[in-house]
Amino acid sequence: MGSPTELTTWQKLAEHKQEMAAVSMKSLFEADPSRAEKYTTQAAGWTLDYAKNRANEKTISLLTDLAKEAGLESAIKGMFSGAHINNTEDRSVLHIALRASQAQESLMVDGVNVLAEVRATLKQMEQFVAQLHSGEWKGYSGKTITDVVSIGIGGSYLGPKVVAEALTPYKKDNIKVHFVANIDGSDITGKLKQLNPETTVFVISSKTFGTLETLSNANAARDWFLSNGGTQENVSKHFAAVSSNVKKAVDFGMAKENIFPMWDWVGGRYSLWSAIGLPVAIAVGMDNFYALLDGAHQMDEHFRTAPFEENLPVIMGALGVWYINFHNAQTHALIPYDHYLRAMPAHIQQLDMESNGKANLLNGDGVETDTGPIIWGGAGTNGQHAYHQLLHQGTRLVPVDFIAPLASHNPIGEHHTQLFANCLSQSQALMVGKTLEQAEQELRDAGATAEQVAKIAPHKVIKGNRPSNTLLTDKMTPATVGALIALYEHRTFVQGTIWGINSFDQWGVELGKVLGTDIYNRLVSDSDNSALDASTQALINAFKKAQS
Ligand SMILES: O=P(O)(O)OC[C@H]1O[C@H](O)[C@H](O)[C@@H](O)[C@@H]1O
């Protein structure tokens with residue numbers, strides 16, 4: 001496919017944007033009493049209310065037509081059948097296979113039944129988790145394991161960490177799971193301080209087993225283990241790995257039976273459903289991990305089979321395109337009104353920005369449109385006392401997804417009702433805003449003088465007409481958390497498909513890695529740096545001076 005700007009529907013949407021310019025969301029609600037009902041759809045335990053968008057029936061119809069004209073139907077078929085839709089790496093994209101229903105017997109990809117491999121790995125995880133939880137797995141001195149440290153970065157870290165945190169109410173008491181990612185020594189040092197090598201197991205998660213941060217931290221963990229009573233022969237009792245590079249993991253000292261496989265058809269940022277999710281399974285138990293997979297599968301089935309007009313990932317993805325490409329929105333905010341989901345924006349940021357931060361079409365040509373937005377956000381209500389100011393009165397349009405459970409895991413006092421009220425009032429305020437007349441009246445009612453009214457009222461005006469989606473679920477459970485993350489995975493794919501880019505490679509991260517090695521070598525040697533730019537030379541010199 002070429003540029004989406006060449007699609008007939010793209011042109012129609014550009015014209016439609018003009019038609020909609022003078023139409024406020026408020027007026028759309030006034031004109032149609034059934035608007036809320038019409039623009040609400042459900043799947044996999046989630047209800048999406050997308051009524052507070054700058055969209056009417058024609059908009060939604062054009063957006064779903066755009067998805068069709070861009071080839072989304074066949075792209076979905078391609079994904080679910082194992083076609084090599086990651087064209088630059090010539091790979092299938094099969095995170096959906098990791099959560100396929102047990103009823104499906106096979107999914108043949110390049111002559112291999114990937115489901116058989118997935119299930120064998122799940123069995124291996126079951127055993128490992130059961131041994132840890134039952135206390136059967138002992139450390140080198142015969143003590144039961146109390147702590148598991150997951151070492152990984154990027155996709156081999158953030159997804160599992162965010163999901164484990166989201167499922168805090170489901171955590172088992174007997175084993176504490178920790179995460180280490182950064183090459184900053186403060187990360188692992190802080191964690192190791194709390195731990196006893198006799199009762200700690202490290203899970204080294206790295207698809208390639210070649211990532212600098214992960215290998216450095218794994219080596220630091222092993223050094224700590226060996227210098228605090230452990231021996232080389234006992235490394236296998238305290239270290240496990242998740243990797244597609246078995247040889248490197250064995251060379252590290254892992255026992256083969258403690259190496260969990262990964263496959264090249266799982267992208268890092270889509271891998272929490274694989275054995276990369278082992279820390280989650282250890283934290284909440286295998287039953288809850290299966291429930292997480294099942295929730296994601298329910299969303300997969302919805303995405304695969306529901307008509308586009310009712311399809312949550314399609315609607316959310318297409319509305320995103322509407323704002324990014326036709327309203328010049330540069331960012332998209334995710335605001336979960338759930339404390340346990342507070343880190344979710346960071347995971348979706350990685351998922352989406354590494355997937356759709358691209359400037360080339362599938363055919364290699366440069367794109368002519370904007371692609372992936374900057375994804376950001378944080379927990380409500382905290383953000384209301386900070387960046388929501390910009391959402392309401394800033395000069396930029398920021399579409400928002402509000403995410404909230406109807407029931408809390410911790411229903412104390414009026415907390416949850418207040419939390420929920422705040423969530424609804426934010427989307428309402430974004431839409432309705434405040435007129436100058438309202439601001440003036442408000443000031444007069446408060447006893448302000450005419451002079452004060454004239455001075456202050458303009459600052460209190462809120463333009464409104466700012467779009468948002470609201471996603472509701474009964475409760476945050478393993479299944480609904482699984483479905484939510486799968487929803488965003490597919491939303492990302494929908495947008496990537498409309499833009500005609502490959503959402504599944506990540507060549508952009510490579511240059512920094514290569515240059516990182518080069519700079520490291522310069523920091524530890526007396527190399528001639530005169531060919532480097534003056535800024536980098538000066539920064540290298542500052543570091544070397546501080547070390548001497
Ligand atoms: O799992 P690993 O091979 O250690 O990779 C960890 C991460 O590193 C890379 O920089 C990629 O950009 C990520 O997609 C990946 O998840």
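**Notebook: the ligand and the pockets**

I began with the ligand and Glu354: an N or O atom in the side chain of Glu354 is 2.5 Å from an oxygen atom of the ligand. I note at the outset that this is a predicted model.

On its own the ligand has 400 Å² of accessible area, and the protein covers 88% of that.

Next I looked for backbone atoms beside the ligand. A backbone N or O atom of Lys207 lies 2.7 Å from a ligand oxygen atom. For Gly155 I found a backbone N or O atom 2.8 Å from an oxygen atom of the ligand.

Which residues around the ligand are the closest? I counted 13 residues surrounding the ligand, and the closest are Ser156, Ser206, Thr208, Thr211 and Glu354. I sorted this shell by residue type and got 8 polar, 3 charged and 2 nonpolar residues.

**Entry on the largest pocket**

Where does the ligand sit? I found the ligand in the largest pocket. I wrote down a volume of about 1000 Å³ for the largest pocket. Its lining has 39 residues, and those closest to the pocket centre are Thr211, Gln506, Val509, Glu510 and Lys513. I checked which elements give two or more residues to this lining, and they are helix H9 (212-226), helix H15 (344-356) and helix H21 (510-523). Helix H21 gives the largest share, 6 residues.

**Entry on the second largest pocket**

I moved on to the second largest pocket and noted a volume of about 300 Å³. I counted 15 lining residues there, and the closest to the centre are Asp338, His339, Ser408, His416 and Leu419.

Which helix gives the largest share of this lining? I found that helix H17 (residues 415-432) does, with 3 residues. By type, the lining of the second largest pocket has 9 polar, 5 nonpolar and 1 charged residue.

Conventions
Residues numbered from 1 in each chain as written. Predicted model: local features only at pLDDT ≥ 70, side-chain atom pairs only at ≥ 80, totals over all residues. Heavy atoms only, no water. Near = heavy atom within 4 Å. Polar contact = N/O pair within 3.5 Å; in protein donor to acceptor, adjacent residues only side chain to side chain. Areas by Shrake-Rupley, 256 points an atom, 1.4 Å probe, with all protein chains shown as cover. 1 Å grid on protein atoms, 1.4 Å probe; cavity = no way out; pocket = protein on both sides within 12 Å on 5 of 7 lines; lining within 4 Å. Sits in = over half its atoms within 2 Å of the grid points. Nonpolar A, V, L, I, M, F, W, Y, C, P; charged D, E, K, R; others polar. Points joined across faces, edges and corners; volume = space filled by probe spheres on them. Helix = DSSP H or I, 4+ residues; strand = E, 2+ residues; numbered from the N terminus.
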